[in-house]
Amino acid sequence: MADLKYYDVILEPVITEKSMNAMVDKKYTFYVHTDATKVQIKDAVEKMFEGTKVDKVNTMNLSGKNRRRGYTTGKTAAKKKAIVQLAEDSADIEIFAGL
């Protein structure tokens with residue numbers, strides 16, 4: 001298990017039509033470090049975004065896709081995605097405010 005700090009856990013937000021529609025229900029989607037646990041993801045969101053309270057975290061492991069370049073085949077890197085459900089009395093996450 002890697003020694004992850006809270007600022008290493010969240011890599012980037014996921015900006016898709018489905019994730020933007022889920023923000024109405026206070027669900028935010030992030031790509032996270034592949035070794036991060038649900039507890040680490042919860043702590044990272046609460047520390048990085050002031051005034052947020054995480055209710056629950058759902059994670060999914062995404063395997064890499066097969067890619068070809070001529071005769072050579074390979075795989076892209078695997079990712080981990082987390083859907084974070086905020087509590088009702090929690091503040092919204094500001095990076096999504098202008099989208």
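1. Phe30 is buried, with a relative accessible area of 1%, where buried stands for under 20% relative accessible area, exposed for over 50%, and partly exposed for what lies in between (1.4 Å probe, protein chains only). The residue belongs to strand E2; strands (E, at least two residues) and helices (H or I, at least four) are DSSP runs, numbered from the N terminus. Although Phe30 and Ile83 are 53 residues apart in sequence, their C-alpha atoms are 6.5 Å apart in space.

2. A word on the source of these values: this is a predicted model, in which local features need pLDDT of at least 70 and side-chain atom pairs count only at pLDDT 80 or more, while totals for chains, interfaces and linings use all residues. Residues are numbered from 1 along each chain as its sequence is written, and side-chain values use heavy atoms, with hydrogens and water left out.

3. Phe30 is also one of the residues that touch the most other members of the largest nonpolar core, together with Val9, Ile10, Ile41, Val45, Val84 and Ile93, in a core of 18 residues. E2, H3, strand E3 (54–62) and strand E6 (79–86) each supply at least two residues of this core. A nonpolar core is a set of buried Ala, Val, Leu, Ile, Met, Phe, Trp, Tyr and Cys residues joined through side-chain atoms within 4.5 Å. In soluble globular proteins, nonpolar side chains tend to be buried together.

4. Which residues does Ile93 contact, leaving aside its neighbours within four places in sequence? They are Tyr28, Phe30, Val45, Phe49, Thr52 and Leu86, a contact being heavy atoms within 4.5 Å.

5. Lys26 deserves a separate look. This residue is found in the loop between helix H2 (17–22) and strand E2 (27–32), and at 16% relative accessibility Lys26 counts as buried. Its phi is near 60°, a positive value in a residue other than glycine. Not counting residues up to four places away in sequence, Lys26 touches Val84, Gln85, Leu86, Ala87, Glu88, Ser90 and Asp92. A polar atom of the Lys26 side chain lies 2.5 Å from the backbone oxygen of Ser90.

6. How many salt bridges does a search of the whole structure find? The search finds three, a salt bridge being a side-chain nitrogen of Lys or Arg within 4 Å of a carboxyl oxygen of Asp or Glu. One of them joins Lys26 and Asp92, with the closest N and O atoms 3.6 Å apart. Lys26 lies in the loop between H2 and E2 and Asp92 in the segment after E6, so this pair ties together parts that are 66 residues apart in sequence. Asp92, at 42% relative accessibility, counts as partly exposed.

7. Another salt bridge is formed by the side chains of Asp89 and Lys53 (3.2 Å, N to O). This pair links distant parts of the chain, with Asp89 in the segment after E6 and Lys53 in the loop between H3 and E3, 36 residues apart. Asp89 is exposed, with a relative accessible area of 57%, whereas Lys53 is partly exposed at 44%.

8. Lys5 and Asp3 also form a salt bridge, the closest N and O atoms being 3.7 Å apart. Lys5 counts as partly exposed at 39% relative accessibility, while Asp3 is exposed, with a relative accessible area of 67%.

Technical notes. Polar contact = N/O pair within 3.5 Å; in protein donor to acceptor, adjacent residues only side chain to side chain.
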